[in-house]
Amino acid sequence: MSLAYTIKFIPENQLPLVIPFWQQLDCSLSKEILTERLREMIQQGYQCVGMYEDEKLVGISGLWTLVKYYMGKHLELDNVIILSEYRDKGLGKLLSDWILEYAKSIGCNGSELNCYVSSFAAQKFWMNQGYNIVGYHFQKKISNEKN
């Protein structure tokens, strides 16, 4: 495996490359549903950073630039995923550090993210990156539709 990785924004026309990463998190969602959701997310300001080994996409993090009363301008990281064969090599930290530098460059006060309660490894990772658990993310679905 190469020691050189490139981190950059994924161009909008290449964003469908993130769909297989998302399917690792929830295989019940079809490619069609995820494609439609991606289209809508892009319209709402979604961006995605990719980590590449040569030309191969090995990690992603969605980004939303938000302003909330309790934090001001900040980046929300969304579905940070490193391919399993590239984990435990320090790539998550490289990606996280890149994102924080980007956040500083656009005048953000910090960043926040959601983490699945069942993912203890991810919780440990984010705490090691200096993130604090400050609340719970609640969700209630209001229909049986898939999208």
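**Strand pairing and burial in a predicted chain**

Threonine 65 stands opposite leucine 75 in strand 4, a pairing that makes a handy way into this structure. The model is a predicted one, in which local features need pLDDT of at least 70, side-chain atom pairs count only at pLDDT 80 or more, and totals for chains, interfaces and linings use all residues. Residues are numbered from 1 along each chain as its sequence is written, and side-chain values use heavy atoms, with hydrogens and water left out.

Read from the N terminus, the order of elements is β-α-α-β-β-β-α-β-α. A compact globule of 147 residues would have a radius of gyration near 15 Å, and the chain agrees with this at 15 Å; the radius is taken over C-alpha atoms, and the globule rule is 2.2 Å times the number of residues to the power 0.38. The C-alpha trace spans about 45 × 35 × 30 Å along its principal axes.

Of the 147 residues, 35% count as buried. Here buried means under 20% relative accessible area, exposed means over 50%, and partly exposed lies in between (1.4 Å probe, protein chains only). Contacts, defined by heavy atoms within 4.5 Å, also say something about the fold: among those between residues at least 6 apart in sequence, 59% join residues at least 24 apart.

The strands can now be followed in turn. Two strands are taken to pair if DSSP finds at least two bridges between them. Strand 2 (residues 47-53) runs antiparallel to strand 3, and seven bridges join the two. Within this pair, methionine 51 stands opposite glycine 59 of strand 3. The two strands form a hairpin with two residues between them, and aspartate 54 in the turn has a positive phi of about 55 degrees.

On to the next pair: strand 3 and strand 4 (residues 72-82) are joined by nine bridges and run antiparallel. They too form a hairpin, with three residues between them. Besides the pairing of threonine 65 with leucine 75, valine 67 stands opposite lysine 73 in strand 4. Eight of the eleven residues of strand 4 are buried, so this strand is largely enclosed by the rest of the structure. Strand 4 also pairs with strand 5 (residues 111-113), this time in parallel and through three bridges. There, leucine 77 stands opposite leucine 113 in strand 5.

Two residues bring the picture down to single side chains. Serine 61 lies in strand 3 (residues 56-68) and counts as buried, at 0% relative accessibility. Leaving aside residues up to four places away in sequence, serine 61 touches Gln47, Cys48, Val49, Leu77, Asp78, Asn79, Val80, Leu95 and Ile99. Phenylalanine 9, by contrast, belongs to strand 1 (residues 6-9) and is partly exposed, with a relative accessible area of 26%. Its contacts, not counting residues up to four places away in sequence, are Gln47, Cys48, Val49, Leu63, Trp98 and Tyr102. Phenylalanine 9 and cysteine 48 are 39 residues apart in sequence, and 5.8 Å separates them in space, C-alpha to C-alpha.

Technical notes
Helices (H or I, at least four residues) and strands (E, at least two) are DSSP runs, numbered from the N terminus.
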